[in-house]
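Trainee: Could you walk me through this structure? I would like to see how each label is reached.

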Amino acid sequence: MTTATAVAAAPAGRRAPKRVLPGFGLSLGYTLFYLSIIVLIPLSALIFKTFTLTWDQFWAAISAPRVMASYRLTFGASFIAALVNLVFGLLIAWVLVRYKFPGKKIVDALVDLPFALPTAVAGISLTALLAGNGWVGSILEPMGIQLAFKPVGIVIALIFIGLPFVVRTVQPVLEEAATCLGATRLQTFTKVILPSITPALLTGFAMAFARAVGEYGSVIFIAGNMPMVSEITPLIIIGKLEQYDYAGATAVAVVMLVISFILLLIINALQAWQRRHAGAPA
């Protein structure tokens, strides 16, 4: 029976179900069009601008000692901040899911504060708090501990802006596993809960790391911006733009883009491996 015959033979009262969303072709077209405007075209412009440099000029722009020092600081501080958020973000999400206590809604709302707070305001607030004349800095600096205008201050700022990504990624998964949270044995946590939340933990880590790598506003005030000591790569890019060295700025930006993309691919591969491992039969 042909398709036309089958349609003709169908009862008159029955109609093919209507799709709530457009078909695959139309949806794919809109998706590619939107991604091209928002993502692909700007990234292509970045790469094409870099092609105006010769290889020697490109290498000189991305391998200058000052730029290399900014790479080490930016990616190193971002990695440390993401690791700290991985641990304490899990702890905060665990407490919010597991326990009931007075002021829980306030604590839950405070987790989202870095999302709503302008990054410049966060940077100014942290600087005022940690500087030598601030509430915390005035106590620590007489003991020889300086946080503001040092790399450690950058790590603190990146921890602040990255914490919500881990908490909000892990929290829903912990809520799904809430039936297991009543167990007190360590083996239950390591064998049941931890495997189920590891993909979410890796996702939160990746998001916090990627957010920290490109952060500018909350870091610029507390960093001190001393070349070879506390100068982040985004500031290097801004400096080159202010000097009208657009090709040099895009060259450094391309390096950051490539490294971040590779790291995210690695983390996504680890997530896929973890999901397959968790779903494999014992």
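**Rings and buried faces**

Mentor: Let's start with Phe209, which is buried, with a relative accessible area of 4%.

Trainee: Why is Phe209 called buried?

Mentor: Buried means under 20% relative accessible area, exposed over 50% and partly exposed in between, using a 1.4 Å probe and protein chains only. Phe209 has 4%, so it is buried. Phe205, at 9%, counts as buried too. Keep in mind that this is a predicted model, where local features need pLDDT of at least 70, side-chain atom pairs count only at pLDDT 80 or more, and totals for chains, interfaces and linings use all residues. Residues are numbered from 1 along each chain as its sequence is written, and side-chain values use heavy atoms, leaving out hydrogens and water.

Trainee: How do you know whether Phe48 and Phe51 are stacked, edge-to-face or tilted?

Mentor: Rings of Phe, Tyr and Trp (its six-membered ring) pair if their centres lie within 6.5 Å; planes under 30 degrees apart count as stacked, over 60 as edge-to-face and the rest as tilted. By this rule there are eight aromatic pairs. For Phe48 and Phe51, the centres are 6.3 Å apart and the planes at 45°, so this pair is tilted. Phe48 is exposed at 57% relative accessibility, and Phe51 is exposed at 61%.

Trainee: What makes Phe205 and Phe209 a stacked pair?

Mentor: Their ring centres are 6.4 Å apart and their planes at 10°, so the pair is stacked. Ring pairs also link Phe75, Phe79, Phe205 and Phe209 into a cluster.
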